[in-house]
Structures are given as structure tokens and as C-alpha cells.
Amino acid sequence: MSMLNATRRAPSRRRNRAAGVFLAAFAALAASACQLPTIDIGFVDFSLVEAGSYDGYWDGDMVKARVAVEAEDGYVSSIRIVEHKTGLGEPAEAIVDRVVQRQSLQVDTVSGATYSSRVILRAIENALTGR
């Protein structure tokens with residue numbers, strides 16, 4: 001009887017191993033297919049921004065952002081998020097404070113909300129560059 005059980009277990013182990021390899025390959029393929037596109041953030045010299053109100057928008061497919069930027073001569077005084085369509089990226093909205101504080105788009109993204117952070121940064125860039 002123990003010999004019979006041993007022969008029955010061996011094929012199930014092979015099947016389990018094959019299933020595990022298949023699942024790992026499937027997960028890797030699915031993850032690569034779900035990669036979000038890269039969003040390049042350009043350089044904007046805030047010291048050259050003229051006084052005024054600027055609106056910017058960026059559509060990152062799954063995440064979209066619209067911002068309103070207020071500037072004095074050479075200084076961005078405030079950034080307001082008018083619209084932010086996102087899944088779990090709401091914490092990224094804190095990035096506007098970083099931008100105002102540093103007077104730069106070259107700021108660290110919000111951990112756990114990197115893509116949403118980059119969408120917001122691109123909307124700010126578009127506002128300041130007129131794109």
C-alpha cells in the first residue's frame with residue numbers, strides 16, 4: 001500500500017511544480033503588461049515665471065490631473081488641484097506643497113503614489129509652460 005501511495009504522490013508533485021512554474025510565468029507576463037507608461041518631467045525655471053494664474057492638465061490614461069497655479073514674478077505662490085482622477089493615488093496630492101516649497105518640479109514623488117505624483121507634476125509643468 002505504501003508503494004501505491006508513493007507512486008500516486010510523485011505525479012501530483014510534478015503537476016504542482018509545473019503549475020507553480022506556469023503561475024510564476026503568468027504573473028510575470030501580467031505584471032509586464034500592466035506597466036504604466038513613463039512620464040518625463042521637464043525642467044521649468046520658476047524664477048522666470050511671470051505673475052499670473054495658470055491652468056494645466058495631464059491625462060495619464062488611468063490617472064488624470066488638472067491644476068491651478070498662482071504665481072508672482074519669479075515665484076510660484078500656490079498650486080491647487082482642481083481635479084485628480086485616480087485609484088489609490090490620492091496621497092500624491094501632497095506633492096504640490098513640495099513643489100511650492102522647493103520652487104521646482106524636481107521633487108521626490110510620494111511613496112506608494114509615484115504615478116499619480118508624476119501626473120500631477122506634469123500638469124504643473126504644462127500650466128507653467130503653456131502646453
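Two strands count as paired if DSSP finds at least two bridges between them. Helices (H or I, at least four residues) and strands (E, at least two) are DSSP runs, numbered from the N terminus. The model shown is predicted, so local features need pLDDT of at least 70 and side-chain atom pairs pLDDT 80 or more, while totals for chains, interfaces and linings use all residues. Residues are numbered from 1 along each chain as its sequence is written, and side-chain values use heavy atoms, leaving out hydrogens and water.

**View 1. Strands β1, β2 and β3 form an open sheet.**
The order is β1-β2-β3, and the pairing is antiparallel. The edge strands are β1 (52–59) and β3, each of which pairs on one side only. Neighbouring strands are turned by 20° against each other on average, direction ignored. Axes here are lines fitted to C-alpha atoms, for helices over the stretch in contact, and angles run from 0 to 180 degrees between N-to-C directions. In general, strands of a sheet pair through backbone hydrogen bonds, either parallel or antiparallel.

**View 2. Strands β2 and β3 make a hairpin.**
Strand β2 covers residues 64–72 and strand β3 covers residues 75–85. The two run antiparallel and are joined by 9 bridges. Val69 has Ile79 of β3 as its bridge partner. Arg66 stands opposite Glu83 in β3. The hairpin has 2 residues between the strands, and Gly74 takes a positive phi near 75°.

Helix α2 spans residues 95–102, and its buried residues are Ile95, Val96, Val99 and Val100. Buried means under 20% relative accessible area, exposed over 50%, and partly exposed in between (1.4 Å probe, protein chains only). The buried residues pack against β3 and α3. Just after α2, Gln103 takes a positive phi of about 55°.

**View 3. Helix α2 crosses helix α3.**
The two axes come within 10 Å and cross at roughly 45°. That angle makes α2 oblique to α3. Angles under 35 degrees count as roughly parallel, over 145 as roughly antiparallel, 65 to 115 as roughly perpendicular, and the rest as oblique. Which residues make the contact? From α2 come Ile95, Val96 and Val99; from α3 come Ser117, Ile120, Leu121 and Ile124. Contact means heavy atoms within 4.5 Å.

**View 4. Helix α3 lies across the strands and holds Arg122.**
Helix α3 (residues 114–129) lies across β1, β2 and β3 and runs at about 135° to β1. Is Arg122 buried or exposed? Arg122 counts as buried because its relative accessibility is 15%. Leaving aside neighbours within four places in sequence, Arg122 is in contact with Ile39, Asp40, Ile41, Trp58 and Arg131.

**View 5. Asp61 lies in the loop between β1 and β2.**
Asp61 is exposed, with a relative accessible area of 57%. Asp61 and Leu36 are 25 residues apart in sequence. In space, C-alpha to C-alpha, Asp61 and Leu36 are 9.1 Å apart.
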